[in-house]
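Grab a pencil and keep the viewer open. Here are a few exercises to work through, each with its solution.

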Amino acid sequence: MNELPAIISPEELNRLMTDNHETNRQGMLIIDLCQKPEYQSRSIPQAIHIDPSELVYGDKPVTGLLPPKESLQSLFRRIGLTQDSQVVVYDDAKGTWACRLIWTLDVLGFEKTTLLNGGMDAWVNASLPLTKGYAEPKGSQINLSIDKSQVVDKAYILNALNHNQLTVWDARSDDEFNGTKALAKRSGHIPGALHYEWVRLLDKEGKVRDLQDLQMELATLGFDPAHELITHCQTHRRSSLTYFVAKKLLGYDKIKAYPGSWAEWGNADETPVAS
């Protein structure tokens, strides 16, 4: 099949799934990242379930790190990922878990991924077909490797804080950014970080807003596609959506993610904090 765009509407996905031409369906791997009870009660036909917990790793309070390569390879072999797959992913969490999967696959060097715009809610609201029960994956023997250039850690940010070509995107809420809501030992934000809450990328239906409007809003705040951009939230779930929109839709090709996020930064003793 032809490679799909980075984002797809429910109606277009349904058309591809029901098209009579086998070449339009061959290789499509639909992945459901809804909570398990939701998946068990209803899902998009052919969708294979991944529990969101399989995409994160670490001990409290830093629970959003990238899992080891061996765990990820086992996961993607189990669901049948191959180099020829075209992955379409959705969730019931405003795209955050779906985009966490897309980022994870980017880190593994696999970029043939597509987000279902609006997720399960949009599919249901469009009155498209649903099914109940598990789709059985075929399994695969894919070999994957981690590209560290997609990931930064605390030490990387500490070394780069005074670099004028680096932008930190804090995707948390206003209260978290300002320090009035504490989800770690220390509250506030990384000095110099630009704040744009992740949910502002979405409209009232949970779909990605007009891209020209988003590009203008980010530029007004000082975001520059020419600069290295590091995005984070509390555990790199919400900021996975900012990563996806910036890289896949807005052309910020120098974006990286900080999976340790505020759970690590705000609980460390040596990190600078502003409020």
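Helices (H or I, at least four residues) and strands (E, at least two) are DSSP runs, numbered from the N terminus. You're looking at a predicted model, where local features need pLDDT of at least 70, side-chain atom pairs count only at pLDDT 80 or more, and totals for chains, interfaces and linings use all residues. Residues are numbered from 1 along each chain as its sequence is written, and side-chain values use heavy atoms, with hydrogens and water left out.

**Exercise 1.** Find the order of the strands in the open sheet.

*Solution.* Step one: trace the 4 strands, which run β7-β6-β8-β9 with parallel pairing (strands pair if DSSP finds at least two bridges between them). Step two: look at the edges, β7 (194-195) and β9 (255-257), which each pair on one side only. Step three: check β8 (residues 228-232), joined to β9 by 3 bridges. In β9, alanine 257 is the bridge partner of threonine 231.

**Exercise 2.** Work out whether threonine 242 is buried or exposed, and what its side chain meets.

*Solution.* Start with its place: threonine 242 sits in helix α9. Next, its relative accessibility is 0%, so threonine 242 counts as buried (buried is under 20% relative accessible area, exposed over 50%, partly exposed in between, using a 1.4 Å probe and protein chains only). Finally, its side chain makes a polar contact of 2.6 Å with that of threonine 231 (a pair of N or O atoms within 3.5 Å; within protein, one must be able to donate a hydrogen and the other to accept it, and residues adjacent in sequence count only if both atoms are side-chain atoms).
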